[in-house]
Structures are given as structure tokens and as C-alpha cells.
Amino acid sequence: MLNLVDTSLRDGMHSVRHQFTPAQVAEVARGLDRAGVGTIEVAHGDGIGGSSIQYGISAADDNDYVEAAAGAVERARVAVLLLPGIGTVEHLRQAQACGATVARIATHCTEADVAQQHIPSAREAGMHVIGFLMMSHMVEPGELAAQAKLMQSYGTHVVYVVDSAGAMTPPDAVARVEALLDAVDCEVGFHAHNNLGCGVANALAAAAAGATWLDGSCRGLGAGAGNAATEVLCTALDRAGHETGIDLFGLMDVAEDVVSPLMPRPQIIDRASLVLGYAGVYSSFLLHAETAAEKYGVDARELLVELGRRRTVGGQEDMIIEVAAELARGT
Amino acid sequence: MRRDARVKAAILGPGNIGTDLMVKLQRVPVIELALMVGIYPDSAGLARAAELGVATSTDGLDAVLERDDIELVFEATAAQVHLENAPRLEAAGKRVVDLTPAAVGPYVVPSVNIDSHLDAANVNLVSCGGQATIPFVHAIDRVADVDYAEIVATIASKSAGQGTRQNIDEFTTTTARGIEVVGGAGRGKAIIILNPAEPPIHMRDTVFATVQRPDPDAIEDSVQRMAEELRTYVPGCRLLMCETDGRQVTVMVEIAGAADFLPAYAGNLDIMTAAAARVGGRLAEHLLEARVAS
């Protein structure tokens, strides 16, 4: 059976500038749990410890989000994301004390070894540990598989191909999932972004290639053009003959009745988010780039293309300001 | 003080950091590098030291302890090693500049607080991100009173060794504490990002600060003065931005290394060895002044 992770309350935080309240988190988590979603990821969009001027100050403490979700679910597991260099093992310990049982440890796709403190700590603490290789489009499948192997050696239960920039098309997703399956003994997952309109298609292709963990978010709520919409993905998976254990109508209701009213704007592929996929830029840069483009009077698309050209990685939101100021000066 | 008076010093740890520091210490007039110490005979750093005419030893700490004439010791090994070495160095009366994250002694950032710790037995250099950003937190704080400061250090993947990769939590927590204790922020936070782009990027640092008295001119003047001060020992420090928007101050700098031994992109390592040489030089001057006075 496929394992579904809904990240409306974590990746979706980017779309609401990390402003969900714990009460909203509890409401969405309750609905997802009832619909049979197995894992629900919560807290700041950049993971626990991410609340900052750099990424945005969240409306509540990460621990309050975890507690709200854990208190609202009966069957689902609550997951947190941790980016070494931003969050710490201490943040993870606190999240676990508040009810998180799944730890997703994320690094840039070439830097798996910065997780060598966090993966073993999470594993020893009894958490289900998922290694998350962000910006996976930036390296060839073989190199990505070597990094996945490193993560597995630290103790992951699952390693993920993460298309943070929404820059992959289905053949890219398949090649990477297959390379990981060849290299590791643990399970393999796929996290899609929809900047090129391939979110659901990439996740389906990943599943067909053997991925057993898939991410989605209700209505696609997430960074850039958003993620694979969980309710669309689950319905399509069902049609493709995959077992998900999800109550499809229940999930559609959560997406439409609970999550949709919380969305500040429709999660569409507008020109700026399309350029994220085109230029291979970290999806979370979108709102920061729009803000900087307006402040410095430059075109958001030119700004994003330049950030792609400089091979910026996830977490470098401060570069957006620097490059926007540079473009405005014409240097 | 005799014009040619010098303090004898040793470096523990002939790795990349120790080797770069060795090159920089050749330019500090008050220090005579008398010994480079390792444990492995085939160390490239020891070979390089011998080429420069610096005495070498593979006997580890003991080689330093048996030399009464050596007053100043630079620890460029690892935190665990320094935790073991520190008490023995102190018992032997050596003055120690610690480049590891062990933090046995008080945090020192040369452009901010070296004069407060001239008599400390052991001083610690915080972290590379701390050396690059704490001066600017302090520069903002001294004119605007910083409630909260957050730094983002982005470094070339190639410049992050195993020590950094195995202990990335220590980087963030130590740097955050340094921002508070030395920088003067009410609360501090640190973020580190590794970027694998080729050719390798220079170190980039951003300081975001929330302040009590947001006077843009006073802040910019103070930050500019600090950048000049930093350039006296880190010539490749370039101020990219200093902006005050409401109560929020944003400062961005780029640190290119001097390429003494380490490559220029490793500005994060260069700023540590440059700070160590500057702190060591100041401690040596202080020791020489005490010698004249007694």
C-alpha cells in the first residue's frame, strides 16, 4: 500500500506566510485523519526552527502546531521537517515531546552528510525517519542515489526524491526514483511541486516506478505553484490501480470545505511560479521574490531567472534581496 | 619594550586551518612561530612548516608542554581534543587561542571585545559565521540597541570540512550565543547554508536585526566603520548592503579569503585564521608590555 503524507500544514505554510493558527492546524489535521491520511506534516514551512526574518516569522510556536495536530488526530502520525543548519536536534526533541512521531530530515541534494547528527538522533529516539533530498533536479540520478545511500547509512526508513523547484517532468522523476531504488534497501518517496504542471503526473510516475511514499497537499497548497493536490493525487492513484486506504470523498471534502476557505489566493500556475520550474529555483522563493521585485521595482521573472543562473539553493532567501537590489542598480 | 621583542608561539594541529594560520603568523611582528605540532609524520602541514623553517613535532601536546619558552598556543585541532588539552595548557601557564568550537574560554571577536579578555588564560573564536557577523551586530547595537539579531551564513560546500558537517548544530547554537554575548543582541539566531555551486561561491553573510532606535544614518555610519575595521585583518570583506526599513536593519557582506594557503572561496575559514592571528598578535603585545612593566 502507498503511504500518503499531506503537507498542507507545512509546505502550505509558505502560501500563507507561516500564518496558520494552531486552531486551523487542528481543524485540517482532524479532517485529514478522518479521511485516512496516514501522515500529516505540520509547522513552519522551512521546518522546525524556521521562524525567522529570513523565512518569515510564524504565527505560533512550532511546538504549538505539533501539539494542535497531535491532539486532533486519532490514527494519523504527525510529522515535522528539519533542515540541518536551520533547525537542531533540540528542536526535534521538543517536537517529539509535543507529539511528533515522524522526522523528515532535509538537506540539499548534494549535502546529505550535514544530516549525520539528526538522522541517528531521530532514529534513536524511536521516530520514523525520512531523509529528504531537496532540489533533486540539480544532480544526475546516480549522484542523487549516492547521497540517498549516505542518508540510509545514517538510519533513514525512507529516502525521498524532492522536486523543490517543480522543475521535473515525469521521465526525470522516474529516472531518480529508479536510481534510488537500485541503490538503497529502504523505501523511496517522491515530493512534487506543480510549477510545470507536472505535480500529480510526476507523483503517479514515481509510484509506477516503485516509490511507496508520496507527498501532497490539499488543493496543492504549498510553495510556488504548490504541491501535487492530495485529493487529486489520491483519486488518480485509485484510477491507476494503487491502494491508498483513503476515503476519497472525505478527502475531497477536507480540501474543498476546510482548506480552500483558508487559502489567501488560488493555488495556480501563474507566470512567476511557472518561471520557478523553468529556471529550477526553490519554490519557497516565490513570495519573497514578489515582495523584493515590488520593493526594488524589478521584474519577478528576471529576478528568478538570475537566482537560477547563480545556482542558489534552498534557504538562500537573503540572495533574493541582494540580487533584486543589484538588478535595480543595473549592475 | 625592545623593538625586536617577540613572543614564541606554537600551533597545535597542522591541518588546513593550522597551515593557513602559520602563513598569517609570519606577518605578525610580535609573534615568533617556534613550533608546529601534529601527530602524524606524513602530515602535509608539518612538511610545509619545515619548508618555511618552522620547527615541527609529531609528539602532540607534550611537545608544547616541555617548551617553557613557548607562551602562546593556537589550538587548531578539534573541540574534543581541546577539551582534553585545555586544562593541561592552563596548568603549564600557556595562553591559548582556541579555534575549535570547544568554548572553554570566553568568546572573542577581535574587532569587538579583545581588550576585555587580554588576561584570560583561554579565549575562543566562536565560529566562522560568528567572526563574520558579530562585528556587524555589535556595530548596529552600539548605535541602535538590538533586540533581536539573526544571521545567515552561506558558504561554499567545498569549504565545509567534516568537522562542520558532523557538528552543524554546534555551529548554529554557538553562533547564536555569540550574537547575544558579544554582539549585544537581546536574542540571537543563526542559520548556515551550504551551496555546492561551481566555481565555489565566496562566503556571504546576512545580518537581520530588529532595533530600538532605527536611525538609518547613524547605523550606516557605524556599519561602514566596522567594515573598515574588519578589512584591517580581512581585506576581502565587502559590504554589499546596509539598509534600515522601519525597525529592521539588513546588512549583507561578502568575505573573500586572502588565499594564503586556503583557496579564496574559503572566506569562512580565512576569517577564523585571520581573527586568530589578530587576537594572538594583541595577546603577544600585552605579554610584552607586561614584561617591560615587570
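These legends walk through several close-up views of a predicted model.

Its local features need pLDDT of at least 70 and side-chain atom pairs count only at pLDDT 80 or more, while totals for chains, interfaces and linings use all residues. Residues are numbered from 1 along each chain as its sequence is written, with chains lettered from A and ligands numbered from 1 in the order in which they are written.

**View 1. Chain A as a whole, with 14 helices and eight strands.** Helices (H or I, at least four residues) and strands (E, at least two) are DSSP runs, numbered from the N terminus. Chain A has a radius of gyration of 18 Å, close to the 20 Å that the globule rule gives for 331 residues, so it is as compact as a globular protein of that length. Here the radius is taken over C-alpha atoms, and the rule is 2.2 Å times the number of residues to the power 0.38. Along the principal axes, the C-alpha atoms of chain A fill a box of roughly 55 × 40 × 40 Å. Of the 331 residues, 66% are buried; that label calls for 20 or more other C-beta atoms within 10 Å of a residue's own, whereas exposed stands for 12 or fewer and partly exposed for values in between, with C-beta atoms placed from the backbone. Among contacts in chain A between residues at least 6 apart in sequence, 76% join residues at least 24 apart. A contact means that the C-beta atoms, placed from the backbone, lie within 7 Å.

**View 2. Strand β7 (residues 187-191) of chain A and its parallel partners.** Four of the five residues of β7(A) are buried, so this strand is largely enclosed by the rest of the structure. Strand β6 (residues 158-162) of chain A runs parallel to β7(A), joined by five bridges; two strands pair if DSSP finds at least two bridges between them. β7(A) also pairs in the parallel sense with strand β8 (residues 213-216) of chain A, over two bridges. Follow A:Phe190 here: A:Val161 stands opposite A:Phe190, and in β8(A) its bridge partner is A:Leu214.

**View 3. Two right-handed β-α-β units that include β7(A).** One unit is made by β6(A), helix α7 (residues 170-183) and β7(A). The other is made by β7(A), helix α8 (residues 199-209) and β8(A). Right-handed means that, with the strands pointing away from the viewer, the path from the first strand over the helix to the second runs clockwise.

**View 4. The open sheet of chain B, six strands with parallel pairing.** The strand order is β3-β2-β1-β4-β5-β6. β3 (56-57) and β6 of chain B stand at the edges with a single partner strand each, so one side of each is left without a neighbour in the sheet.

**View 5. Helix α4 (residues 79-91) of chain B, with a kink at B:Asn85.** The 13 residues of α4(B) reach 19 Å from first C-alpha to last, close to the 18 Å expected at 1.5 Å a residue; the expected span is 1.5 Å times one less than the number of residues. The kink is about 35° and lies shortly before the proline B:Pro87, the bend being the angle between axes fitted to the seven residues ending there and the seven starting there. Buried in α4(B) are B:His82, B:Asn85, B:Ala86 and B:Leu89, with cover that includes β1 (7-12) and α3 (61-65) of chain B. After the helix comes B:Gly93, whose phi is positive, near 80°.

Terms used:
Contact = placed C-beta atoms within 7 Å.
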